[in-house]
Amino acid sequence: METNEAVTHCPQCNKQLRVDPRFVTWCDACEWNVDPLPVDDAYPAWRQKLEHRLADTLYRELEHGTVHKPGWDAARVAAYLLSFLVLLLPLVALAAGIAILVVYRPQWLSIPIAAIAFVIAWALRPRPSCLNPDHHQVSPDEAPRLYSLLDEISTATKARPVVSVVLTAEPELWITAIGWRMRPVVGIGLPLWAAMSPQQRVALLAHEFGHGRNGDMRHSLVVGNAENILDELESSFSPQPYDELKDDYAAYVEDTSGTLITRFVNALVGPPVRAYRWLLTRASLRGDQRAEYLADRLAAEVAGSEAAAFALERLVIADTAYRGLEKALRFGSDVEPLEAVRRAVSDIPAREIDRRIRATRIRETRTDASHPPTYLRVKLIRARPTTTAKVVLGLSDSATIDRELAVAGAPALTELRRSFAR
Ligand SMILES: [Zn+2]
Ligand SMILES: [Zn+2]
């Protein structure tokens, strides 16, 4: 029997394992306990198999270098077609309302029916995305070095320059198109930013600009709006908490005719709407995943393939970065919150990072995740010839940006601290 608490044996292959009480104990020889979290899989085996195969073929297609641009394959055409049909719904409702008003008599009946049609048209109208008013924007005056880095990356990726940068306390980076003119805005999550090395930051930003260059934001305007309409319909035609109250009241007054009508309409409209939503998700999945791979490829061209691969691998520490920030803000600390994030992530041993990357293979091979599994994304970058960086962020420039963000990011951190106090 071992007396040393820091060592144990793998119950599967008996290999000697080091134990670090702060992290999961696992075996790198047989992968015992690589992913101790239960995988919640509600899908039947045939569907998982099918999705594995889809992920695999997509990976191979890209590995052999035949795909360079997001093309108009059958799945993408189907996604757009399905979306356009949904986007027509508000127009149909509007036209129906006008027709009823003009043609249908008596007027006392046609006016309320037309009004219902107009309300439906208004509720389902497509909307451009707008910025969350709670988000903190940082101006070029507040962060000149950050904006000049963004300009360098947008030039290198041939993407449109960003009009604004938003700072958040989330462990993520994103790009979005605001308004009908689809002006690009980049979101920088401070904990993730703090956890990355200078060149990894370039890689993550270049990946987001890659989405901008490849027209993914236009795609999300069309498909995203159709999805919003379907979600709206789905929630309108599924049982709501309010319906239960109504049911109770109807049972109380012994008149269930109204609730029967609601249930009948829900049963009639709900399932086809849900089926359509599922179909649209399926059709756009492949395109969405391909867009991620292509954005990764651009990131490798701009930041260098090594930095791009390492940046992806480091995404597995995002939750540790966030927890480090949370701890510093919740319990107070003598170190600055973003410095606390840096310390929390530098404490993670390489072995734990290795485990988390392996866990992505077990957890994310299903194609439903909007992103392909991290290990495949890394593998694809490493499978291609190495590239050197077009945009280099030096240590001192990176430190300048950190100083800019320490000031400009303060409101986002203060708000997060306040949310913990509530
Ligand atoms: Zn083992
Ligand atoms: Zn992406």
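**Close-up views of a zinc site and salt bridges**

**View 1. A pair within helix α12.** Because D319 and R323 stand four residues apart in helix α12 (residues 318–331), about one helical turn separates them. The model shown here and in the other views is predicted. D319 and R323 form a salt bridge, in which the closest N and O atoms are 3.4 Å apart. D319 is partly exposed, at 40% relative accessibility. R323 is also partly exposed, and its relative accessible area is 44%.

**View 2. A further pair within helix α12.** Helix α12 also contains E326 and R330, which are four residues apart, about one turn of the helix. These two residues form a salt bridge, with 2.8 Å between the closest N and O atoms. R330 has a relative accessible area of 41% and is therefore partly exposed. Elsewhere, salt bridges with shared partners join several residues into one network, made up of R201, E339, R342, R343 and D402.

View 3. The structure holds 22 salt bridges, and one of them joins the side chains of E306 and R382 at 3.9 Å, N to O. This pair links distant parts of the chain, since E306 belongs to helix α11 (residues 305–314) and R382 to helix α15 (residues 374–383), 76 residues apart. Both residues are partly exposed: the relative accessible area is 40% for E306 and 39% for R382.

View 4. The zinc ion (ligand 1) is coordinated by the SG atoms of C10, C13, C27 and C30, at 2.2 to 2.3 Å. The angles among the four donor atoms are 103 to 117°, and the site is tetrahedral. Along the chain, the donors of the zinc ion follow the spacing C-x2-C-x13-C-x2-C.

**View 5. C10 and C30 at the zinc site.** Two of the residues that coordinate the zinc ion (ligand 1) are C10 and C30. C10 lies in the loop between β1 (7–9) and β2 (16–18), while C30 lies in the loop between β2 and α1 (45–63), so the pair ties together parts that are 20 residues apart in sequence. C10 is buried, with a relative accessible area of 2%, whereas C30 is partly exposed, at 26% relative accessibility.

Technical notes: Residues are numbered from 1 along each chain as its sequence is written. Chains are lettered from A and ligands numbered from 1 in the order in which they are written. This is a predicted model: local features need pLDDT of at least 70, side-chain atom pairs count only at pLDDT 80 or more; totals for chains, interfaces and linings use all residues. Side-chain values use heavy atoms; hydrogens and water are left out. Donors are N, O and S atoms within 2.8 Å of the metal (3.2 Å for Na, K and Ca); water is not among the atoms, so sites may look incomplete. Four donors count as tetrahedral if all angles lie between 85 and 135 degrees; four count as square planar and six as octahedral if opposite donors are over 155 degrees apart and all others between 65 and 115; anything else is irregular. Helices (H or I, at least four residues) and strands (E, at least two) are DSSP runs, numbered from the N terminus. Buried means under 20% relative accessible area, exposed over 50%, partly exposed in between (1.4 Å probe, protein chains only). A salt bridge is a side-chain nitrogen of Lys or Arg within 4 Å of a carboxyl oxygen of Asp or Glu.
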